[in-house]
Amino acid sequence: MAGNDGHDLRFLESLSIHIGEAKDLPSSKDFYCCVKLDQEEIYRTEIKEKTQSPFWSEDFTFDLPREFHTLAFYLYEKDRLKWSEKIFGKVALKKEELLEYKGKDRWYPLLNVDADTEVQGKVHVEIKPSDVLGDNGIVSKLSVSVLEASGLSIANGQCDPYAQVTLVSPSRIETSKKTKKRKCPNPHFDETFLFEVPRKVRSQHHRQHFFSSMKENHSRHKITNANSYSEKNHYFSPAEEDIQKMEVRISMWSGSSNLFMGEVKIPMSAIISSDSGNHNAWYYLKPREASSQRSQRPAECSSLRVRVAYEGNCVFPSERYAELMDVILGSPEVEPITSSPVVILDRCVKETGIAAKALTRIFHHNGRIVPLIQGLIDYEVSKITHPNTIFRGNSLTAKIIDEYMHMEGLYYLHETLKDLVDQIFEERKQCEIDTTKFRDGESLENNLSNVAVYVDRAYRAIINSAMVCPTSLCQVFCVLREVTDKHFPDDPDIKYAAVSAFVFLRLFAPAILSPRLFQLRQDNADETVSRTLKIVSKAIQSLGNHVNPDKVNSPTFKEEYMLPLFKSLLDKDHIISIRKFLDIVSTRSKAQIQSPEAAVTLKEGYLIKRAQGRKKYFGVKNFKTRWFRLTNHELSYCKCKESIPLCNIPVSEILAVERLQEGSFQMKFMFQVVQPERALYIQANNCVEEKEWIDILSKVCKSNKNRLQSFHPYAYVNGLWLCCSAILENATGCTPVTGGLPVSITVDIDPDREMERIYRLLHENKAELKKLEESCAILAVYQGDQVDTMPIEDDQSCFKTVTALLRAIEKLTKEHEDCLKRRREMMEYGSKQSPIGHPKGDDFQTHS
């Protein structure tokens, strides 16, 4: 690690959330669920109408753009007649608790919501005793300075906080005047209040030096008043006060609505015990005690089912992972493959999904993915005893190929299926063909006709897309075909079944069923559209299962209601066309006609933009909501989704994409798209959306030759840059641009982060590796019974691999321990990074 301060360490966090359903609600009404990160809304489900048990089954995965302390799910009850909504209940999970859940479905009771408990943020306070010369001699006073606050909650889109300082003693409560309001969630107050306190608060050291500093203090007091400090003298009788029972309370309030935003209580004992005589620290805001107890009461015994998977990784620079990377990347050359690091990882860890994703990205990043897949396929097929079970399970091999298809098949899916998916969403036709689920007025004949049109269109789109299938995927499909043909030479249908198992069952069918997960849609499907997508997906999956034209007259289906649909679709011609399609996509020499430069929508949605070229600082016309759409060719925006674009910015003209400091327009979640002439200022709806737009925009323009090396972190308003006061609008930036993401816009790969995931898996299962090492040693030396329950094909090569893995793990573990030690030394309790009042202490320590 460069240096001893740990600055080259990155702490990256992500959340995968599944919102399932709610139950036992008191009445049938309209409900939706809202996900909030420290009171900031980051996701909202669809509204489920007139139900006591709303079912969503919506997934949401994102990287965390900032520190957080609480993840909350709010259930809202919507009244369409009154155009109003109210919170029915909530589930609040602290960050420390997320580590215990590990991605498991759980039912949580919905608790009542009290406004006084909805607090977040922290406040910076400085408290020091001081002696002041008064009319009756020396007077001891307590100086309480509210310096600043950070991360305050935003209520109804506004945040104009002020602080109220109170000195509480056994005899009385004295409240100071309030600070001035500040219109931002990270306000700087710098206001001081004075309270008279008993003389024995002062230390002996301060009393000895009082007379020498009295004149200086008196002069400073005058200067403070001249600088508009809000210093007020608040007198009360200090006689016989119990100093140890006194405390300073600082509460935060919203000026516009007078809502409580949190408070801190600082006992006088903490102030007196300070070594320097001054108490300067950050505090987490806390809810009121009585309100906190009220909020713990359940809301009508209702509950919400959610699944949350939290991941926090401390990521080192690449050189720290070099040894482990070399061991992992050597897997394709290890013989037998059962002794390779990849297969050993598979046999020792339970989280094979995480392992498959990380391995796929690491090997793809290093150009080694095809040799790895080839070795794994050969190993997988060699274990198959019955051809009908080929690649039907969720083995590591299948998961790696799945992940690779999702990475490389984005453009292919967009080109093939997006028009069909959009049509299904827009038309919302009734396509239910299960008569047991019919609603009043539905006709089997009409519904069957509707769904047949969609299935036929999906089938033809897939068959006609063979020549545009990415060459990288064709290489994998070719390996599948060659290996299965080698192991089953007497059954010509197996090679088609193997390729179809991935193309139809694991690529096209899932993309139709869940278009949002494959970026085919930005919105979630309602019940009607969701059912249509499910039926079409089943149909495509079944078409892919039938690759033998001689068995067309004896199809088998689990659902009998699907039979009428296949009588018109499944025939010999369809199956022959499917086989031709599979032949083309599994041929190495297939020419790729479509360039990856074909226009594909990468992200779209409503954002707020500042009018370009406006000279006024604020104004109603300056900020407007527009529908933004980003393709790999251009960024455009229009009044609404279907409107003609008002502006088109070619990707080649995007010189930088950076965050815009909040002080520019007193607005959060803003970023800038820098162009040759000027910058476009855009506001996202929340911090997660802001990060997603910045990331994807940075990726598509990363390869631009004219990218800037520096930028202005503040806006250009009223004829100058607010950051450096430069007058010219085209003045060179004053801040270096941030590091971008990889050039590939099909997927962003952070190899260091993926290696950290592999290290974590190996470290958590170190006992299994030790056990395997012991088994290999016993077999090699004594030829005795192995300790491990799984067979070891070659003990010497397996022992060598396990030893190399353990050696690399030990080195990385030492790096983590050293980094954590330095972090602990640097983290001062009471600093902004580690405020007083956190129940679990240092977050870094928790996750390291």
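Tutor: Let's begin with Phe-477. Leaving aside residues up to four places away in sequence, Phe-477 touches Met-405, Cys-469, Val-499, Phe-502, Val-503, Val-585 and Ser-586. Contact here means heavy atoms within 4.5 Å.

A word on the basis of all this: the model is predicted, local features need pLDDT of at least 70, side-chain atom pairs count only at pLDDT 80 or more, and totals for chains, interfaces and linings use all residues. Residues are numbered from 1 along each chain as its sequence is written, and side-chain values use heavy atoms, with hydrogens and water left out.

Phe-477 belongs to the largest nonpolar core, which has 114 residues; Phe-477, Ile-540 and Phe-581 touch the most other members. Helix H14 gives the most to this core, with 11 residues. A nonpolar core is a set of buried Ala, Val, Leu, Ile, Met, Phe, Trp, Tyr and Cys residues joined through side-chain atoms within 4.5 Å. Buried means under 20% relative accessible area, exposed means over 50%, and partly exposed lies in between (1.4 Å probe, protein chains only). In soluble globular proteins, nonpolar side chains tend to be buried together. A second, separate core has 56 residues, including Trp-56, Leu-71, Leu-93 and Ile-696.

Now look at H14 itself. The axes of helix H14 (residues 493-513) and helix H17 (residues 572-585) come within 10 Å and cross at roughly 90°, so H14 is roughly perpendicular to H17. Axes are lines fitted to C-alpha atoms, for helices over the stretch in contact, and angles run from 0 to 180 degrees between N-to-C directions. Angles under 35 degrees count as roughly parallel, over 145 as roughly antiparallel, 65 to 115 as roughly perpendicular, and the rest as oblique. Helices (H or I, at least four residues) and strands (E, at least two) are DSSP runs, numbered from the N terminus.

On the H14 side, Asp-493, Tyr-496, Val-499, Ser-500, Val-503, Phe-504 and Phe-508 take part; on the H17 side they meet Ile-578, Arg-579, Phe-581, Leu-582, Asp-583 and Val-585. The residues of this contact divide into 9 nonpolar, 1 polar and 3 charged. In that count, Ala, Val, Leu, Ile, Met, Phe, Trp, Tyr, Cys and Pro are nonpolar, Asp, Glu, Lys and Arg are charged, and the others, Gly among them, are polar. Val-499, Val-503 and Val-585 are also among the contacts of Phe-477.

Let's turn to charged pairs. The structure holds 35 salt bridges, each being a side-chain nitrogen of Lys or Arg within 4 Å of a carboxyl oxygen of Asp or Glu. One of them joins Lys-603 and Glu-692, at 3.3 Å from N to O. This pair links distant parts of the chain, with Lys-603 in strand S19 (residues 601-610) and Glu-692 in helix H18 (residues 687-700), 89 residues apart. Lys-603 is buried at 13% relative accessibility, whereas Glu-692 is partly exposed at 28%.

Lys-814 is partly exposed at 44% relative accessibility, and Asp-818 is partly exposed at 27%. Elsewhere, salt bridges that share partners join Glu-21, Asp-59, Asp-105, Arg-305 and Arg-307 into one network.

Finally, some backbone details. Most residues other than glycine have a negative phi, and most peptide bonds are trans. Ser-57, in strand S5 (residues 55-63), has a positive phi near 55° and is partly exposed at 34% relative accessibility. Phe-669 also has a positive phi, of about 60°; Phe-669 sits in the loop between strand S23 (656-659) and strand S24 (670-674) and is buried at 14%. The peptide bond from Glu-335 to Pro-336 is cis, with omega near -5°, and Pro-336 is found in the loop between helix H6 (322-329) and helix H7 (341-348).
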